[in-house]
Number of protein chains: 2
Amino acid sequence: MPNETLTAAGFRAGAAAAGIKPSGALDVGVLVSETPCHAAAVFTSNRFCGAPVEVGREHVRNGRLRGVVVNSGVSNVATGRRGVADARAMCARLARHVGADFSEILPASTGLIGTFLPMAKVLAGIDAAAEALSSSTRAGRDFARAILTTDTRAKVSLRRVRIGARPVVVAGCCKGSGMIAPNMATMLAFLGTDAAISPPLLRRALRDAVAGSFNRVTVDECESTSDTVAILANGRSGAAAIREVTSPAFRRFAGALGEVCSELAYQIAADGEGATRVIEVAVRRAATPADAHDVARTVAVSPLFRTAVHGCDPNWGRIIQAIGTTRARFDPGRIVVRICGEAVFRRGRPVETADLAKVSRRMRAKDVPVVIDLAAGRADDRVLTCDLTKGYITINAEYHT
Amino acid sequence: MPNETLTAAGFRAGAAAAGIKPSGALDVGVLVSETPCHAAAVFTSNRFCGAPVEVGREHVRNGRLRGVVVNSGVSNVATGRRGVADARAMCARLARHVGADFSEILPASTGLIGTFLPMAKVLAGIDAAAEALSSSTRAGRDFARAILTTDTRAKVSLRRVRIGARPVVVAGCCKGSGMIAPNMATMLAFLGTDAAISPPLLRRALRDAVAGSFNRVTVDECESTSDTVAILANGRSGAAAIREVTSPAFRRFAGALGEVCSELAYQIAADGEGATRVIEVAVRRAATPADAHDVARTVAVSPLFRTAVHGCDPNWGRIIQAIGTTRARFDPGRIVVRICGEAVFRRGRPVETADLAKVSRRMRAKDVPVVIDLAAGRADDRVLTCDLTKGYITINAEYHT
């Protein structure tokens, strides 16, 4: 899939290899709009948060941004006041290139924690990336690569949607959970749209999209100190402004944004450390939305369940064991569990007629759907995860050596 | 360490290889007191629970038992009414051998779930184990082995304590989390004492001991459908009866029981699937006991943290990341994190002078202590876990093939 982030009108991107990553790979990326944007962002709720998150929260508060500056390799976490000053300096450097105020730039960093940014390299990298600013597909692709750490591939998505008579583009890229010892996962996503939409509506659409996508993925249930999802809307499509949350235009825009975020979230699960399969745990007919989410997440995070999927083992036992630890309302005698479309557990008992060998063969596919019918109400939910493999252990236990 | 379970006066044990396990290993164990006992038990809180748990709850309700009958290989979980009848039949068979009522026997099963017990084998095994009943050390050791599944070794512990002028023995054995696909972990522990103590006091002592030991261990945070901890007290030591919860005698007895349970819990962590190290996560000076427990458990279950320990990586980042996701009260700028005795994080920053290479070398030891000082109050807690290794993946993804 090509990175078409820049198909949204009026955006330009650039990247540079600044030498922050020892590998020499791209490690500074900038994304700017030619004109001022309305903006919204969602950040980690981890109480230890990085300096860029602190600065980013300030800069996006008024709902206006011109661009984003990102480095990978060093995360600027646990760096105190100097870290905050460094994050501001990154913003100021990009702002100078594009004629904006430093407070119109959102900063993000991912990589090693507890280390100060090598600011000489970072600032030179921002200069180089700003020099390279372009609306070409290649520039967008480079930006998507510059934000990666242990990801094995760039992650991009795009949707076109009509607002009034005009096509509007919602595009984005993200990076998934990757760790370089001694540090932690970071999830970053940057989205651009040429829709015209007010900051409150943009915030609402982003919050809903994140809730249904990035917040429905778990690789190892470890929320990072740097997670950031930001969207910039420059209105350059020429489409009429989206003004009402009840309007068809908002619904269409929010739908497209939700799809882009879901596609990016899927790519994060698929590129989870060591992952060989994407698992969707869907819960149906829970008594409440909270119950549905609780059951889906409890099953999805179970290492026993995730290793069973890795072994193509249709292990309903590990699923009901996980369900049984939740406080969700259900009657154990009414639950139905389906793996890859086959009912394997029903009415408190394994399904004697289930062809487990066939299910096991189906589990070799890249996508493994699990459906849990709680028969307790009307609420549905789903959580994506990936299988737990020796690759995860290798990456996280041995990477630092 | 020899199994000295039978050092408590008046207890006898027996075991048999009944052919339930394909390996031909011991798979039926019986433990009985020559005389009636006061008894207490704690069971899984998983809402899917095995038939033996259902029957065991009934049998221990009046605080009286004569013995325990256990099989490994098949867990009698998700087996409906027939499973309940089978569990009762196991009790009746042992009861007949020892001249007791079937309701005086506590049943337990561990192994494959969703399969009916092969009752002909099980009952013949109970007969053989009852024939073998003996107060010898060897008989106790065989019982401890007969309850194992994927454990790599028997787990036993014993304490002697004076009640009045008399020595009293508290002894026990347990099995840890082990899975045989398609099934799940089961934690079983059986304790015997020759102390004289009323059922309510025994219940109180057991509840407290379990809270501080078995409930402070997590291998993969997967609570099984069969977890059972039971204690039988036959009063055969001749020591004065323990009558008051405020008495020194109760405190000494409860202290000994707590130590036995803690020693058994430690052995479970040490024999966790694939484990090469035991990790103790201790939290100091939390605002509340709940905060202390929350932080200790959140760090202990983190797969990122557990793989870092496996790699001897003094990764304070993964520890503070986990702490940051809790709702515990603390000031990020006051937390101190120590790994193997060395402060590695303090006042919101890594400790520049910490010798991480030295810490990494210390982490090669079998025991890795992590201390988190929240500087927010007076509550302490600790949770034991083990490192997360490729062995865990192998056992749980590939065991069934």
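Trainee: Is B:R347 buried, exposed or partly exposed, and what count decides that?
Mentor: Happy to start there, in what is a predicted model. A residue is buried if 20 or more other C-beta atoms lie within 10 Å of its own, exposed if 12 or fewer, and partly exposed in between, with C-beta atoms placed from the backbone. B:R347 has 13 other C-beta atoms within 10 Å, so its class is partly exposed.

Trainee: How are residues and chains labelled, and which pLDDT limits apply?
Mentor: Residues are numbered from 1 along each chain as its sequence is written, while chains are lettered from A and ligands numbered from 1 in the order in which they are written. Totals for chains, interfaces and linings use all residues of this predicted model, side-chain atom pairs count only at pLDDT 80 or more, and local features need pLDDT of at least 70.

Trainee: Where does B:R347 lie?
Mentor: B:R347 is not a glycine, yet it has a positive phi of about 55 degrees. Helices (H or I, at least four residues) and strands (E, at least two) are DSSP runs, numbered from the N terminus. In chain B, the place of B:R347 is the loop between β11 (342–346) and β12 (349–350).

Trainee: Which loop of chain A holds A:A375?
Mentor: A:A375 is not a glycine either, and its phi is positive, about 50 degrees. With 16 C-beta neighbours inside 10 Å, A:A375 is partly exposed. Its loop in chain A is the one between β13 (367–373) and β14 (379–386).

Trainee: How do the buried residues of α5(A) sit around the helix axis?
Mentor: In α5(A), the buried residues are A:L201, A:L202, A:A205, A:L206, A:A209 and A:V210. Seen down the axis, they fall within an arc of 160 degrees (the arc of the directions from the helix axis to the C-beta atoms), so they line one face of the helix.

Trainee: How many residues of domain 1 of chain A are in contact with domain 2 of chain A?
Mentor: Domain bounds come from an automatic or database domain assignment, which divides chain A into domain 1 (5–270) and domain 2 (278–398). Two residues are in contact if their C-beta atoms, placed from the backbone, lie within 7 Å. On the domain 2 side eleven residues take part, and on the domain 1 side the number is eleven.
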